Amino acid sequence: MRVGLIGAGKFGSMILAQARHIEGLHVVGVADLDVKKARESFARVHWPREQYAASSVQDALSSGQTWITEDAGALMACEEIECIIEATGHPLAGTRHALAAIGAGKHVVMVNVEADVMVGALLAEKARQAGVVYSMAYGDQPAAMCELVDWVKSCGFELVAAGKGMNFCPSYRYSTPDTVWDYFDFTPEQVKSGDFNPKMYNSFTDGTKAAIEMAAVANATGMDCPKDGLAFPPAGLQDLAEVFKPVSEGGQLEKTGIVDIAASREPDGRTVLNNIQYGMFVTFKAPNEYTRQCFNQYGLMTDKSGWYGSMWRPFHLIGLETAMSVLSACLRQEPTGSSRLFRADAVAAAKGSFDSGEYLDGEGGFKVWAKAIPATESVALNALPIGLAHHVRLKRSVSQDQVVSLDDVDIVDDLDIHALRREQRRLLSPGAEAAQPAPAMAEA
């Protein structure tokens, strides 16, 4: 299996750390705008220097080594490469790379959830039409949540909620790249090591990454985001089935079939007991009394009634596990999670009050955070997706927590991506309130 990797940052480094140990997997080329940084990534994950010394893509193919280049297009042009892993984290570049890979007849493993949540349903449709696989990256939390959703549906339980753990409390919402390290336990030496991006970590801290990932899961599974955004209820393992069930049954969900976050912090900052900060979960309901009794007999953690149960995965190892997606795409022609509908969106909301003429600075920055809402709400608001909120000029003022509209900003750049967004509206999920969750991992 011949693979091209675009992006040699943290996620890409973790992919490379395992790639040499997987039989039959050849990373033919790695593309990164900073070749020096890419070489440092290879060294950091203990590749022998001679293994990434190929002088061209053809040299890499003949020698079994890896070629490092600035030119992602060269990987697309190589007929022998059958799968592209997009790991830049840049939503605009990621979208263009995915389109190019699909156009070249290659499978796409989309590490770049930022691009996926913006136009993933359309990219997946184009991939299906081209006869290739468009897949979420296994090891990242969205793909693991899709796997858990498939488990629930395959067992015949009623799917109630899906989500992940996260170190979050309401005061984190307005974190900036200048304050982000106050929320982590990293030493100054670790931060200076070159493998830590403050905007990326701030995206996790202020809840933006949660919105992006949960909206992506909704698009892959047919579930829904809460109408007013993620609620982040604090919950430990013992609380999942009690908290993540409908309000009508004593829980905190507005309805069944919702994605949300199990916060690992109480609103006052205290750590939640048995939190699942690095894990993912689903909650589900027994369809009959016999199954409810089996829940009890076999040690499932349930709510007080015994009707609602929970299942979780306690960890995710991001790039260390992503070869699962490559193998699934290349050998089984199946994605490990894939957007199917435009059902949810991650839209830009203001971190403060800003005047006309100021510029937004995108994910993880000083100006906006992402709010996960149903796609029908996003379309009604004509909302600006978080992936298009970088270096955009406001043409009228906005107030704190206001969802920024496309009408609030000057649209002068990235018109190709805006066109894709408009095209994707035809994939808007019909009957969102009534539709049943769809299979997440692969089509029948």
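Met110 stands opposite Met136, a residue of strand E6. This pairing comes from a predicted model. Strand E5 covers residues 107–110, and three bridges join E5 to E6. The two strands run parallel.

Now step back to the whole sheet. Six strands make up an open sheet, in the order E3-E2-E1-E4-E5-E6. The pairing is parallel. Which strands stand at the edges? They are E3 (67–69) and E6 (134–136). Each has a single partner strand, so one side of each is left without a neighbour in the sheet. The sheet also twists, and the average is 20° from one strand to the next.

Helices lie against these strands. Helix H6, residues 113–130, lies across E5 and E6. H6 runs at about 145° to E6. Helix H13 packs on the sheet as well. H13 touches strand E1 (2–6), strand E4 (83–86), E5 and E6. The direction of H13 makes about 160° with that of E5.

Next, follow the chain to the loop between strand E10 (308–313) and helix H13 (323–332). Leu317 is found in this loop. Leu317 belongs to a nonpolar patch on the surface, along with Phe315 and Leu320. Together the three residues have about 230 Å² of accessible area.

Tyr278 lies in the loop between strand E8 (258–263) and strand E9 (280–285). Tyr278 counts as exposed because its relative accessibility is 53%, and the cut-off for exposed is over 50%. Compare its position with that of Ala98. Tyr278 and Ala98 are 180 residues apart in sequence. In space, their C-alpha atoms are 28 Å apart.

Charged residues come next. Side chains of opposite charge can pair when their charged atoms come close. How many salt bridges does the structure hold? It holds 24. One of them joins the side chains of Glu213 and Lys164, at 2.5 Å from N to O. This pair links distant parts of the chain, 49 residues apart. Glu213 sits in helix H10 (residues 208–221), and Lys164 sits in strand E7 (residues 158–166). Both Glu213 and Lys164 are buried.

Glu242 forms a salt bridge with Lys245 and another with Lys304. For Lys245, the closest N and O atoms are 3.0 Å apart. For Lys304, the closest N and O atoms are 3.8 Å apart. The pair of Glu242 and Lys304 links distant parts of the chain, 62 residues apart. Glu242 is in helix H11 (residues 240–243). Lys304 is in the loop between helix H12 (289–297) and E10. Lys245 has a relative accessible area of 4%, so it is buried. Lys304 has a relative accessible area of 77%, so it is exposed.

Salt bridges can also join into a group. Glu125, Lys126, Glu423 and Arg426 are linked in a network of salt bridges.

Key
Residues are numbered from 1 along each chain as its sequence is written. This is a predicted model: local features need pLDDT of at least 70, side-chain atom pairs count only at pLDDT 80 or more; totals for chains, interfaces and linings use all residues. Side-chain values use heavy atoms; hydrogens and water are left out. Patches are made of residues with over 30% relative accessible area and no salt bridge: like charges are joined within 9 Å, nonpolar side chains (Val, Leu, Ile, Met, Phe, Trp, Tyr) within 5 Å. Accessible areas come from the Shrake-Rupley method with a 1.4 Å probe; for residues, only the protein chains shown count as cover. A salt bridge is a side-chain nitrogen of Lys or Arg within 4 Å of a carboxyl oxygen of Asp or Glu. Helices (H or I, at least four residues) and strands (E, at least two) are DSSP runs, numbered from the N terminus. Two strands pair if DSSP finds at least two bridges between them. Axes are lines fitted to C-alpha atoms, for helices over the stretch in contact, and angles run from 0 to 180 degrees between N-to-C directions. Contact means heavy atoms within 4.5 Å. Buried means under 20% relative accessible area, exposed over 50%, partly exposed in between (1.4 Å probe, protein chains only).
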